[in-house]
Amino acid sequence: MTDQPFGTIFEPFRIHSVEPLRLTTSAERTAALAAAGYNLFELRAEEVLIDLLTDSGTGAMSAEQWAGIQRGNEAYAGAPSFYRFREAVTGLFPFRHVLPTHQGRGAEKILFTVVGGPGRIVPNNTHFDTTRANVEFTGAQALDLPIPEGLQPGRRHPFKGNMDVAALEQLLEEQAAAVPLVMLTVTNNSGGGQPVSLANIRAVRQVCDRFGKPLFLDACRFAENAWFIKTREPGYADTPVAGIVREMAALADGMTMSAKKDPLANIGGWLALNDDSLAEQCRNLEILTEGFPTYGGLAGRDLEAIAQGLHECTDEGYLRYRVRSTAYLGEALESAGIPVVVPFGGHAVFIDARAMLGHLDPLQYPGQALACALFEEGGVRACEIGTVMFGLHPDGTETPAAMDLVRLAIPRRTYTQSHIDYVIEVLTRVAGRAADLPGMRIVSQPRHLRHFTARFAPLP
Ligand SMILES: Cc1ncc(COP(=O)(O)O)c(C=O)c1O
């Protein structure tokens with residue numbers, strides 16, 4: 001006998017309760033897609049076989065989280081559930097003020113209502129859709145400053161989510177007065193779920209200090225980011241994940257957070273920060289829009305589920321499985337010759353739809369076309385992260401996004417390896433007829449966050 005690790009990817013849990021999956025016919029899927037206006041957000045979940053639309057709020061809770069749900073205290077003010085939640089948050093992110101919100105965008109809305117506004121510029125490595133929309137809604141500009149490698153899907157780099165520090169420096173030299181704060185998204189979701197190194201966070205911090213600007217983390221996938229630091233950044237192999245997270249937090253002045261990602265909850269979020277006067281303005285807005293500051297749009301039971309999830313998501317056995325099982329999908333697609341963003345991120349595998357459907361112009365929405373084909377082929381629901389999501393600008397003009405990706409997001413602790421093997425089979429079949437897939441046109445769309453509700457039609 002030996003303690004040598006086994007090669008099998010081991011799910012460090014067993015199934016506690018199950019939900020049935022319904023197999024559909026190809027004719028049913030074609031009809032469902034047309035009825036949904038070729039927008040996968042408009043499908044009913046029962047029409048989907050394997051749902052990789054998002055990893056947000058779709059994970060399976062643990063027995064201990066369900067126990068927390070029972071323990072939830074629903075006092076309007078000062079519930080013990082709030083204090084357990086706050087202790088779990090500050091154990092990792094020791095910010096002075098913690099404001100619970102109904103989800104991440106609740107925190108963004110409050111923060112940018114206070115610091116945004118016309119003429120302001122908010123830089124980020126890459127803004128996610130809701131962050132960008134919340135910044136732009138105030139009249140401010142949301143500026144992405146990823147490193148150049150972050151925009152090359154086939155280029156390998158251990159920390160492709162890093163911010164371009166020289167570009168940040170130049171922005172601040174030229175327009176410091178317009179920048180209320182600097183954000184860093186860890187991991188960088190729109191950029192392929194790629195991590196940000198501690199060296200990069202430190203370098204951004206130094207630039208922020210030089211110009212007197214606060215640094216905020218959009219920390220939805222902080223635990224996966226910390227795992228990548230542990231396994232890729234020199235000097236951190238022996239540091240516990242929780243210690244790495246605290247080091248990330250110590251470099252920042254605040255954070256926005258969606259508890260629907262790494263904290264393994266189905267709902268929730270928070271805004272945390274050190275500045276007393278900014279916190280007071282945010283708290284007043286929170287009362288107006290989210291609720292009293294000890295529940296902030298959540299039930300006490302939700303706060304309990306988040307507190308427990310925060311303990312579980314930094315477990316290294318869990319994180320090893322999480323990152324390894326995502327890479328399993330990515331490696332299989334890469335071996336099948338499907339162009340994927342490399343290296344693989346923590347929460348998702350991203351397909352380079354612009355390369356895979358090279359016969360389509362970006363304004364024929366190759367990502368949307370591919371995502372629709374995956375659903376039609378095998379009931380797999382994925383998400384376009386490209387020109388549909390980011391191509392429409394506040395002034396009504398449209399340009400191709402930096403990349404046209406399709407994200408296969410993996411819900412946490414939800415699907416088994418055979419489900420993923422099925423996804424690989426579906427992808428491989430679609431790849432075989434990629435050159436014949438038609439592009440898409442938009443039939444109707446709203447002004448903001450159009451990807452959620454726009455309707456499409458296939459091009460002839
Ligand atoms: C990086 C990032 N920031 C913010 C959000 C917004 O969080 P929520 O969906 O909880 O509003 C998301 C959600 O997908 C995200 O991935």
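**Close-up 1. Ile244 in helix α9.** Ile244 is found in helix α9, residues 241-250. Helices here are DSSP runs of H or I with at least four residues, strands are runs of E with at least two, and both are numbered from the N terminus. This is a predicted model, in which local features need pLDDT of at least 70 and side-chain atom pairs count only at pLDDT 80 or more, while totals for chains, interfaces and linings use all residues. Residues are numbered from 1 along each chain as its sequence is written, and side-chain values use heavy atoms, with hydrogens and water left out. Ile244 has a relative accessible area of 0%, so it is buried. Buried means under 20% relative accessible area, exposed means over 50%, and partly exposed lies in between (1.4 Å probe, protein chains only). Not counting residues up to four places away in sequence, Ile244 touches Leu198, Ala226, Ile229, Lys230, Tyr236 and Thr239. Contact means heavy atoms within 4.5 Å. Ile244 and Trp227 are 17 residues apart in sequence. Their C-alpha to C-alpha separation in space is 8.5 Å.

Close-up 2. Helix α2 spans residues 63-71, and its buried residues are Gln65, Gly68 and Ile69. They cover an arc of only 105° around the axis, which puts them on the same side of α2. The arc is that of the directions from the helix axis to the C-beta atoms. An α-helix has 3.6 residues a turn, so residues three or four places apart point the same way. The buried residues of α2 pack against α11 (300-312). The axes of the two helices come within 7 Å and cross at roughly 150°. That angle makes α2 roughly antiparallel to α11. Axes are lines fitted to C-alpha atoms, for helices over the stretch in contact, and angles run from 0 to 180 degrees between N-to-C directions. Angles under 35 degrees count as roughly parallel, over 145 as roughly antiparallel, 65 to 115 as roughly perpendicular, and the rest as oblique. The crossing of α2 and α11 is right-handed. A crossing is right-handed if the near helix is turned clockwise from the far one by less than a right angle, and left-handed if anticlockwise. From α2, Glu64, Gln65, Gly68, Ile69 and Arg71 meet Arg301, Glu304, Ala305, Gln308, Gly309 and Glu312 of α11. By class, this contact has two nonpolar, four polar and five charged residues. Ala, Val, Leu, Ile, Met, Phe, Trp, Tyr, Cys and Pro count as nonpolar, Asp, Glu, Lys and Arg as charged, and the others, Gly among them, as polar.

**Close-up 3. Helix α4 crossing α10.** Helix α4 covers residues 104-115 and helix α10 covers residues 276-289. Their axes come within 9 Å and cross at roughly 125°. That makes α4 oblique to α10. The crossing of α4 and α10 is right-handed. By class, the contact of α4 with α10 has six nonpolar, three polar and one charged residues.

Close-up 4. Thr130 lies in helix α5, residues 129-137. Its relative accessibility is 9%, so Thr130 counts as buried. Apart from neighbours within four places in sequence, Thr130 is in contact with Arg105, Glu108 and Leu449. Arg381 is found in strand β10, residues 380-381. Arg381 is buried too, at 7% relative accessible area. Leaving aside neighbours within four places in sequence, the contacts of Arg381 include Leu40, Phe41, Asp51 and Leu53.

Close-up 5. Most residues other than glycine have a negative phi, and most peptide bonds are trans. A cis peptide bond joins Val186 and Thr187, with omega about -15°. Thr187 sits in the loop between β5 (182-185) and α7 (198-211). Val342 and Pro343 are also joined by a cis peptide bond, with omega about -10°. The loop holding Pro343 runs between α12 (316-335) and β9 (348-352). Leu264 is not a glycine, yet its phi is positive, about 65°. Leu264 lies in the loop between β7 (254-258) and β8 (269-273). With a relative accessible area of 3%, Leu264 is buried. Arg413, not a glycine either, has a positive phi of about 60°. Arg413 is placed in the loop between β12 (405-409) and α16 (417-432). At 14% relative accessible area, Arg413 is buried.
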